[in-house]
Protein chains: 2
Amino acid sequence: MAPIKNGRVLYNEFATGFPIPGKNTVYDTSQTIDLDTVPLNGGVLLKVLYLSVDPYLRFKMRDPKVEKNIPQFKLGEPIESSGVGIVLRSENPVYKAGDHIYIILCCRAHLHYIVWSADKQSILLENKENIPWSLYIGVAGLPGQTAYCGWKKFAKFNKGDTFFITTAAGPVGATVVQLAKADGLRVIASAGSKSKVDFVKSLGADVVFNYKETDTREVLAKEGPINLYWDHVGGNITDAVLENAARGLTIIVCGSISSYNNPSPMYRHNLIFERDVTIYGFMVTTIFVPYLADFYNEIPKAIASGKLKYREQITQGLENFGQVLFDVQKGLNEGKAVIQVAKDT
Amino acid sequence: MAPIKNGRVLYNEFATGFPIPGKNTVYDTSQTIDLDTVPLNGGVLLKVLYLSVDPYLRFKMRDPKVEKNIPQFKLGEPIESSGVGIVLRSENPVYKAGDHIYIILCCRAHLHYIVWSADKQSILLENKENIPWSLYIGVAGLPGQTAYCGWKKFAKFNKGDTFFITTAAGPVGATVVQLAKADGLRVIASAGSKSKVDFVKSLGADVVFNYKETDTREVLAKEGPINLYWDHVGGNITDAVLENAARGLTIIVCGSISSYNNPSPMYRHNLIFERDVTIYGFMVTTIFVPYLADFYNEIPKAIASGKLKYREQITQGLENFGQVLFDVQKGLNEGKAVIQVAKDT
């Protein structure tokens with residue numbers, strides 16, 4: 001078979017504001033690959049099916065002069081993300097042709113085809129429940145794990161406590177809303193469009209509002225005080241929560257959208273001690289190991305049965321990655337943003 | 001005996017910047033008291049000996065329109081603080097004339113003489129070790145308890161970890177430095193004058209610098225990463241620590257000087273999750289009960305033996321309270337600021 005084009009999404013320039021497709025990221029088609037003859041060196045040839053587009057990708061695109069010690073994408077090389085791929089050929093005894101693999105974060109997955117050394121973090125997907133493969137990068141992948149593991153490890157509450165969460169329609173937020181309702185909390189949730197608000201209402205959240213139309217501070221003043229806050233945002237919104245904190249508030253921080261594109265200051269440091277606040281920040285890959293077995297036992301089943309709800313928005317074509325990344329930063333996506341790179345077979 | 005003057009420090013006007021004596025606080029001598037005949041109504045007549053002037057007092061002097069839900073001093077009434085007093089007369093069987101009592105926070109102690117209902121938080125001081133009574137509002141009082149209880153409850157570390165603390169010459173800071181050294185940590189500490197720096201060095205801290213002359217960020221970049229941070233400041237200094245955080249940093253927040261007078265923003269919310277940071281904010285009176293017995297068993301002994309070091313700066317005269325409060329906010333005091341209201345007898 002003749003070599004075929006192997007398109008790639010490259011990291012082209014660090015971002016200071018929102019990441020612009022064609023500027024900060026570029027789609028490059030200069031490389032080819034011969035699927036039959038490319039040397040595997042003991043590894044695996046993967047055809048990428050789905051790629052994840054997550055808010056946190058932006059934080060690996062920051063100015064390295066300002067952001068020392070922060071892992072960044074390498075300029076001129078493919079962006080690293082998570083994805084689901086299918087094995088075309090394998091020289092690794094663990095994987096065989098036809099296997100589906102979830103490759104996590106560290107893999108340079110933004111190509112159509114990758115020769116993968118199989119030495120990095122990955123999970124062989126059995127998918128006995130026969131849910132769509134794309135979900136394994138969403139509600140059944142890292143975003144779902146962020147929700148599940150973060151909740152199990154850090155959420156402290158009494159039944160009936162008031163819980164607040166932002167970006168509640170996303171794959172992390174929506175899963176957390178459902179875990180919180182299952183645990184008997186009163187859930188206040190915000191999202192950025194009518195359709196998202198409707199979706200979060202359908203999950204059983206008690207108070208849901210569009211933060212673009214209604215002031216978060218006013219809602220919290222009325223519906224608070226807040227006992228538990230799942231923080232994706234930081235800055236002014238975290239200040240609003242601190243101002244409406246119950247004594248002993250717990251904050252679980254797993255994102256900081258306010259810091260990525262337009263750093264937004266937080267002023268209410270004083271309230272951290274005045275209200276006996278505890279704050280847990282975490283990266284899912286640091287904490288998830290002890291929870292993964294339970295996660296893969298419970299979550300795909302809950303999805304298949306319809307018990308665990310989610311939304312995803314699949315965009316066809318690797319060349320559209322840059323635009324989807326921009327949209328995710330702007331909150332324009334409706335549901336978990338996924339790039340379908342190739343068909344499921 | 002004829003009525004005598006009973007001077008009072010009144011809360012006169014909320015502060016927006018540093019609290020100005022004569023403006024935000026005033027010393028008033030319009031009241032008198034007859035020590036022999038004043039009705040006790042089942043309570044106690046106390047002669048106040050020492051009053052504590054602490055940084056946190058400023059946060060009870062904020063604009064009530066901006067700071068809803070925050071306990072503030074009452075305008076036109078005596079400021080509430082902590083102090084040591086001696087019982088002159090008592091109708092309460094728990095206390096007898098000559099007893100020394102530590103009255104905590106809630107008491108309107110800024111008078112020479114107070115009729116005290118004895119229903120508020122207080123501790124009868126035995127002082128078997130015969131240490132100066134003034135220390136019972138400093139290293140052997142709430143500031144020492146803040147250090148001791150906060151450290152016991154929240155400090156998580158491995159031997160040899162790098163620990164950073166600001167305002168290290170104060171009664172909280174200096175006690176924490178000594179606890180950290182006793183626990184085998186490498187201690188980086190900052191203070192605001194040469195004399196303070198010398199004192200903190202004498203406590204065994206490994207790296208001590210004057211933050212007015214040396215940039216905190218540069219010191220932390222050189223001496224970090226930081227595993228544990230005791231936070232009295234917030235704002236830009238907390239940002240500097242987050243930027244130099246080891247993965248898994250723990251921050252213990254028991255003050256926020258940067259927020260009191262000139263709110264200073266914090267921008268690095270993102271690093272809370274990127275570095276798996278845990279933050280514990282606390283008010284000592286919320287957590288201290290289980291630790292108090294050990295505290296009073298250990299600390300006065302350690303002071304009497306010379307093992308636990310401290311500095312205090314005693315100013316004579318209740319009329320000087322306002323100026324000392326201002327000085328404490330500016331960091332001009334050398335050691336724990338105490339007002340001696342009357343002689344020890």
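## A roughly parallel pair in chain B

Helix 4 of chain B and helix 5 of chain B run roughly parallel to each other, because their axes cross at roughly 20° and angles under 35 degrees count as roughly parallel. This is a predicted model, so read the geometry that way. Helix 4 covers residues 216-223 of chain B and helix 5 covers residues 235-243, and their axes come within 9 Å. The crossing of these two chain B helices is right-handed.

Who touches whom? On the helix 4 side of chain B, the contact uses B:Thr216, B:Arg217 and B:Leu220. Helix 5 of chain B brings B:Asn236, B:Ile237, B:Asp239, B:Ala240, B:Val241 and B:Glu243. Sorted by class, that contact comes to four nonpolar, two polar and three charged residues.

## A roughly perpendicular pair in chain A

Over in chain A, helix 1 (residues 142-154) packs against helix 9 (residues 292-304) at about 115°, with the axes 11 Å apart. That makes helix 1 and helix 9 of chain A roughly perpendicular to each other, and their crossing is right-handed.

From helix 1 of chain A, the residues involved are A:Gly144, A:Gln145 and A:Tyr148. They meet A:Leu292, A:Asp294, A:Phe295, A:Tyr296, A:Glu298 and A:Ile299 of helix 9 in chain A. The tally by class here is five nonpolar, two polar and two charged residues.

## How the two chains relate

Note on methods
Residues numbered from 1 in each chain as written. Chains lettered and ligands numbered in written order. Predicted model: local features only at pLDDT ≥ 70, side-chain atom pairs only at ≥ 80, totals over all residues. Heavy atoms only, no water. Axes fitted to C-alpha atoms, helices over the stretch in contact; angles between N-to-C directions. Helix = DSSP H or I, 4+ residues; strand = E, 2+ residues; numbered from the N terminus. Parallel < 35°, antiparallel > 145°, perpendicular 65-115°, else oblique. Left-handed = near helix turned anticlockwise from the far one by under 90°. Contact = heavy atoms within 4.5 Å. Nonpolar A, V, L, I, M, F, W, Y, C, P; charged D, E, K, R; others polar.
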